[in-house]
Amino acid sequence: MGQKILAIDDETLILDLVKIALETEGYEVVTAERGSVGLDKAFAEKFDLILLDFTMPDISGFEACRRLKTNPATSNIPIMVLTAKVSDEDLRKIMETGAIDYMTKPFDPLQLGDRVKDILKKQS
Amino acid sequence: MSGSEERYTQIFNSISQAVFTLDLEGNIQEVNDALTNLTGYKQEDLRGKTFTEVVAGEYLGLIQLILRKTLDGKTISKGDMQIIKADKNRLWAEISTSALRDPEKKVVGQVCILRDISVQKSKEEEIKGSERFLSHLVDNGIDAVYVYDAKGKIDFFSKGGEKLLGWRSEEIMGQNFEMLIAPEALNKLKGQLSSRRADEHRTYQTVLVSKGGRRIDAVQKVIPISREKNSLETCSIVTNITAQQKLQGEITAMNEKLNGLIRLGKMISSRTNLEEILNFIVGSVTTFARVDIAVLRLLSDDKKQLMLRTCFGADKTVVPGVLNLEGSLTNKALEEARVISVGDVTEESALSKVECDVGQNVTSMLAVPLIARKEGKGILYLYTREYCQFTRQQIDLAFAFVNQAAIAIESAMLYNREQDTINKLRDLDQAKSDFLSMVSHELRSPLTSIKGYTSLILGGRVGEVNEKQRKFLEIVATQSNHLTKLISDLLDLSRIESGKLVLKQDKISLKGTTDLIAERFKLQFDAKNLTFNMNIGEGPLEVRGDEERILQVISNVMSNAIKFTPEGGSVSIKIYEENNNVEFHCTDTGIGLKKGTLENVFSEFYQADSSATRQVGGAGLGLAIVKKIVEAHGGKVWAESEGVNAGTTIALRMPAAKDEEKTAEGEEKS
């Protein structure tokens, strides 16, 4: 379908995982290993979806999410959160940031594609 | 007898006074009728007798004196004496004598007149008697009596007054009675007296002052008195009530002290700030013990110094902060756990300078040791500016307060330790939480890669996979799933254990939950061809708790049943209410449990039979989590089994939800 997805995660292995999983489903995937780098890219290019790891060292997931949502250029882009946290409390907090969906790690990359598809369908 | 002699005899016998004559030797010559009437003697009996024979013995000296005096011819002597009458009774008589002369003017004897003064004498005795009585009263029964005239001038001051007030009667007479009243009490008394009518009997309480300036609390009864005809004076009868006042004062003071101590006790037990308590103590002890300054010093950690903690009546910035124990007198107080009293600090050479330095001049000092748990922990110093001999009461009072101080300090210390422990536990908890978070993340990331890449390969995204590769990779996938579940459960268990469980109090239907879980496990039931039954009792069958967690419980129990039941078996659920509890029983026809190992099934990682459990992929933490959650909800879990291969029942019982409970959040105690 040619839609562009931005994946931000501090672990390269997971970035590659995501890239392979989504590229084999026909998406264009741009990766960023650091929150700051990811945000720069988000503001510079036009993406259809952003995959955001919540547990990153330099910028916290909350902060990144906030910045994306408050910037008019990126506020409409759906954000899906990848997180290792599973407690209700934490998930609730995450969803309050404005993310549209989440997947807990470890996740099945094959299912990732389906979820991404659902989200993009809803957007259009 | 000649005519004139007869005449004189007539006159003599007509005189109403008793008259008789004596010769120079004192013998009775002539007596008149009045005399014989008075004395009862016959003339013949008296004539020739010595007069002294009829005079009572005590007056012999007097009569002889009187008779001698008249013999010189010039004087008339008088005297009171007692005569012995013919009936042997005594008669009070006044005798007056004068010289009897012959025609040549030579003294030849005496003429004596005897006047009966018996009535007068008895009256005199009466008066003397009552005077003696009153005098006795005045001197002994009352503390003081004084009488003053309309102008306030004292004209009577009793012996008691002299004793009480130190003034001699002579010094006081003629002075204004106001000088006996203490100046500070005078105005009030004058005001009270001014509203008293002159004839009223009134009682007033006032303060008198002695010659030396000593104050005497007294009650005065003020009454009108008339000692002489036509004179109206005021009499004040004084009772010294200093002793009562003192007692009253002591009782009041004691009450105040008791109240002070009670209040202090309350402060301590209500955990009032230690600073406030110690300040209250030094303030109270100063007031109640009637001293000027109180200084509290506590032993330093190295036990070599006494550090200033708080003081009252002195400037804290001026009092030395540190007192070295070595070379100090109060070291003894600490070591021997006794009180040290110094009358004059300037004269006590054993005292170090610091010990009596409070920024002002003091004379007396009392050092009271503060003992806690048989150890000296500090000293309370009490100082007075004027010389003071510390009384038993003062020392006892100081001890009472010092003991409270010891209790307060110990209490505060324990409380602080408690707080420290609580803080440490909190920190520990936080550290654990952080650790869990980190572990969670660290373990999940690699697992994501393992699962992820395996999944990609198995999904054919990076090329074809042959049969063998597929089989091997599926093993990797299953095991990494298992690992994931294990990590999840481990973190769960840890979180539940450390009390991070937020216990909601929602009403949860066990039936509803079971239906839900049964739905979820449908595939698994079918995969092993297991039959599923539900036996539901009457009633709402609701419990109060956290829905998420209850779901977890039922899910874990059912999953366990499914895991350990071979193909073709069955899983039956029974839910019912009994004795205000809801019971949930899950019975399977599986591998059962060995007798005696029924509790163990709820332990972490328990393996009843290695071979069996290995086959199903490990025991895991499922039931351990179930136990923790159910117990956190106030319930109980247990296992039942007839033996190996006889199936197992996992049962749980929880209090039924009552309608009146409100939603609450609580932290589980770890």
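Is Lys190(B) buried, partly exposed or exposed, and what is its relative accessibility? In this predicted model, Lys190(B) counts as partly exposed, at 38% relative accessibility.

**Salt bridges in chain B**

The side chain of Lys190(B) meets that of Glu178(B) in a salt bridge, with an N to O distance of 3.7 Å. Lys190(B) belongs to helix H8 (residues 183-194) of chain B, whereas Glu178(B) sits in the loop between helix H7 (169-172) and H8, so the pair ties together parts that are 12 residues apart in sequence. Glu178(B) is itself partly exposed, with a relative accessible area of 25%.

A second salt bridge joins the side chains of Glu94(B) and Arg115(B). This pair links distant parts of the chain, 21 residues apart: Glu94(B) is in strand E4 (residues 90-101) and Arg115(B) in strand E5 (residues 107-116) of chain B. Glu94(B) counts as buried at 14% relative accessibility, because the limit for buried is under 20%. Arg115(B), at 31%, is partly exposed.

A further salt bridge connects Lys627(B) with Glu631(B). Both residues lie in helix H18 (residues 622-632) of chain B; being 4 residues apart, they are separated by about one helical turn. Lys627(B) is partly exposed at 32% relative accessibility, and Glu631(B) is partly exposed at 43%.

| Salt bridge | N to O distance |
|---|---|
| Glu94(B) and Arg115(B) | 3.1 Å |
| Lys190(B) and Glu178(B) | 3.7 Å |
| Lys627(B) and Glu631(B) | 3.8 Å |

**Network and total**

In chain A, a network of salt bridges links Asp9(A), Asp53(A) and Lys105(A). Over all chains, the count comes to 31 salt bridges.

Key: Residues are numbered from 1 along each chain as its sequence is written. Chains are lettered from A and ligands numbered from 1 in the order in which they are written. This is a predicted model: local features need pLDDT of at least 70, side-chain atom pairs count only at pLDDT 80 or more; totals for chains, interfaces and linings use all residues. Side-chain values use heavy atoms; hydrogens and water are left out. A salt bridge is a side-chain nitrogen of Lys or Arg within 4 Å of a carboxyl oxygen of Asp or Glu. Helices (H or I, at least four residues) and strands (E, at least two) are DSSP runs, numbered from the N terminus. Buried means under 20% relative accessible area, exposed over 50%, partly exposed in between (1.4 Å probe, protein chains only).
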